[in-house]
Amino acid sequence: MIDWIYRFARWTALFGGIVLVALTLMVVASVAGRALIGIGLGPVPGDFELVEVGVGIAIFFFMPWCYLRGGHATVDLLYMHTPRWAQKAVDTASDVLMTLVWLVLTWKLWEGMLEKKEYLETTFILQMPVWWAYALCLVGAVIGCVCYVTKTLTRFGLGSEPKGWTVESNAGH
């Protein structure tokens, strides 16, 4: 099951990458359209709204994989000079705290989505319902919850990382 969670996190990160590539192509088309307005082209309507939504979605789909790979920013100034048991304690504490933060974030995202849906809030130009973006981000947040809980449980010895997943191959500390 843990292997599947790690693989799924990787696929969600790839999906986030596809979203960013699509956004990049859309921005290029929009800028080119603005530059060629004299020949009848124009910007993509609502381009900044789509960028706002797309980047949020991509971030929520990247974060689980980043976390599993140990890709979060760390301050190694003191960490590298502490004993191994202290490093393990810091890693465990940070895993527990990040899991709690991610659970609260997901819960508040859920509440925000329900509120945006209840009040029928839309974007200014495209008139796209805002709750759609919240719902897509919520998918990434739920996947993140599963990944954060899974990695925390493996930290406590209640599971093991996938075969071939070594600390040396991680971007970690």
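I take helices (H or I, at least four residues) and strands (E, at least two) as DSSP runs numbered from the N terminus. I number residues from 1 along each chain as its sequence is written. The model is predicted, so I keep local features only at pLDDT of at least 70 and side-chain atom pairs only at pLDDT 80 or more, while totals for chains, interfaces and linings use all residues, and side-chain values use heavy atoms, with hydrogens and water left out.

**Helix α1**

I looked up α1, residues 2-35, and found that its 34 residues reach 50 Å from first C-alpha to last, close to the 50 Å expected at 1.5 Å a residue; the expected span is 1.5 Å times one less than the number of residues. I then asked which residues of α1 are buried, where buried means under 20% relative accessible area, exposed over 50% and partly exposed in between, with a 1.4 Å probe and protein chains only. They are Ile 2, Ile 5, Tyr 6, Ala 9, Thr 12, Ala 13, Gly 16, Val 19, Leu 23, Met 26, Ser 30 and Gly 33. An α-helix has 3.6 residues a turn, so residues three or four places apart point the same way. The buried residues of α1 pack against α2 (47-68) and α5 (130-155), and for contact I require heavy atoms within 4.5 Å.

**α2 against α5**

I noted that α5 has 26 residues and reaches 37 Å from its first C-alpha to its last, close to the 38 Å expected at 1.5 Å a residue. α2 and α5 pack at an angle of about 10°, with their axes 9 Å apart, which makes α2 roughly parallel to α5. The axes are lines fitted to C-alpha atoms, for helices over the stretch in contact, and angles run from 0 to 180 degrees between N-to-C directions; under 35 degrees counts as roughly parallel, over 145 as roughly antiparallel, 65 to 115 as roughly perpendicular, and the rest as oblique. Among the residues making this contact are Val 53, Phe 60, Phe 61 and Tyr 67 of α2, and Leu 136, Val 139, Cys 147 and Lys 151 of α5. The contact residues divide into 16 nonpolar, 4 polar and 1 charged, with Ala, Val, Leu, Ile, Met, Phe, Trp, Tyr, Cys and Pro counted as nonpolar, Asp, Glu, Lys and Arg as charged, and the others, Gly among them, as polar.

**Cysteines**

I searched for disulfides, pairs of cysteine sulfur atoms within 2.5 Å, and the structure holds 0. Cys 66 is in no disulfide, the nearest cysteine sulfur being that of Cys 147, 11 Å away, and Cys 66 is partly exposed at 24% relative accessibility. The sulfur of Cys 147 is 9.5 Å from the closest cysteine sulfur, in Cys 145, too far for a bond, and Cys 147 is buried at 1%.

**Thr 92**

I found Thr 92 in helix α4, residues 84-118, where it is buried with a relative accessible area of 17%. Not counting residues up to four places away in sequence, Thr 92 touches Arg 155 and Phe 156; the C-alpha atoms of Thr 92 and Arg 155 are separated by 6.5 Å, although these residues are 63 residues apart along the chain.

**Positive phi**

Most residues other than glycine have a negative phi. I therefore noted Leu 120, which is exposed at 68% relative accessibility, lies in the loop between α4 and α5, and has a positive phi of about 55° although it is not a glycine. Gln 127 lies in the loop between α4 and α5, also has a positive phi of about 55° without being a glycine, and is partly exposed at 49%. Gly 157, which follows α5, has a positive phi near 80°.
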